[in-house]
Amino acid sequence: MRTLPAGTVTFLFTDIEGSTRLLHELGDVYAAVLADHRRLLREAFARHGGVEVDTQGDSFFVAFADPRRALAAAADAQIALAQHAWPDSAAVRVRMGLHTGEPLVAGDHYVGVDVHRGARIAAAAHGGQALVSERTRELVGDATPGALRDLGAHRLKDLPEPERLYQLVIDGLPSSFPPPRVYEDALEAA
């Protein structure tokens, strides 16, 4: 049985942007694409001490005891995805969100608002982008595998206060993305 990190934990949430569209475009080839995606991400997470908490479809929920290692795993995963020779020239773009908190360990899962915050940060990202919370940025300081670009504060679904988001800028990968994805009602409140 796996042991989940306890205390201060950094969560990394991922999912493939446009996975349903990609499934329709690739048909049966999608199964191989999904398998490669899972392998590449799991290898990156394992190299940096990540513990897989959950996976559903094309999404991962991974926990790290050290926020610097979580950022390094996200950077390595994005590089591996970008460098992979996908079948049929598929564009497999994964959005990622990282947040650090002190969740409750409940059996083989986590409970608490920090879990939801991490998932909302990932949902705000675009494919190929890794977004980082203010809390995680504070803990890693300047020790990142790339630069952290301040994107400002954004209202995220079901969270009462705006969240300051940072983009992990990874050498050799695209660094220009549209503004984070937020909900219309949150845009009006910001």
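Does Ser89 count as buried or exposed, and at what relative accessibility? At 71% relative accessibility, Ser89 counts as exposed, a label used for residues over 50% relative accessible area, with buried meaning under 20% and partly exposed the range in between (1.4 Å probe, protein chains only).

This is a predicted model, in which local features need pLDDT of at least 70, side-chain atom pairs count only at pLDDT 80 or more, and totals for chains, interfaces and linings use all residues. Residues are numbered from 1 along each chain as its sequence is written, and side-chain values use heavy atoms, with hydrogens and water left out.

**Overall chain**

The protein chain contains six helices and nine strands, where helices (H or I, at least four residues) and strands (E, at least two) are DSSP runs numbered from the N terminus. Its radius of gyration is 16 Å, close to the 16 Å that the globule rule gives for 190 residues, so the protein chain is as compact as a globular protein of that length. The radius is taken over C-alpha atoms, and the rule is 2.2 Å times the number of residues to the power 0.38. The C-alpha trace spans about 45 × 40 × 30 Å along its principal axes. Of the 190 residues, 47% count as buried. Contact means heavy atoms within 4.5 Å. Among contacts between residues at least 6 apart in sequence, 70% join residues at least 24 apart.

**Helices α2 and α3**

Two packed helices are described by the angle between their axes and the distance between the axes. For α2 (residues 30-47) and α3 (residues 67-83), the axes come within 8 Å and cross at roughly 150°. Axes are lines fitted to C-alpha atoms, for helices over the stretch in contact, and angles run from 0 to 180 degrees between N-to-C directions. The two helices are therefore roughly antiparallel to each other, a term for angles over 145 degrees, while under 35 is roughly parallel, 65 to 115 roughly perpendicular and the rest oblique.

On the α2 side, His37, Leu40, Leu41, Ala44, Phe45 and Arg47 meet Arg69, Ala73, Asp76, Ala77, Ala80 and Leu81 of α3. By class, this contact of α2 with α3 has eight nonpolar, one polar and three charged residues. Ala, Val, Leu, Ile, Met, Phe, Trp, Tyr, Cys and Pro count as nonpolar, Asp, Glu, Lys and Arg as charged, and the others, Gly among them, as polar.

**Individual residues**

Ala70 is found in helix α3. Leaving aside its neighbours within four places in sequence, Ala70 is in contact with Thr10, Leu12, Phe64 and Leu98. The C-alpha atoms of Ala70 and Arg120, 50 residues apart along the chain, are separated by 17 Å.

Ser133 lies in strand β7 (residues 130-133). Not counting residues up to four places away in sequence, Ser133 touches Leu98, His99, Thr100, Ile121, Glu163, Arg164 and Tyr166. Ser133 and Leu165 are 32 residues apart in sequence and 5.1 Å apart in space, C-alpha to C-alpha.

Most residues other than glycine have a negative phi. Asp88 has a positive phi of about 55° although it is not a glycine, and Ser89 likewise has a positive phi of about 55°. Asp88 is placed in the loop between α3 and β4 (94-101), and Ser89 lies in the loop between α3 and β4.

| Residue | Relative accessible area | Class |
|---|---|---|
| Ala70 | 0% | buried |
| Ser133 | 0% | buried |
| Asp88 | 59% | exposed |
| Ser89 | 71% | exposed |
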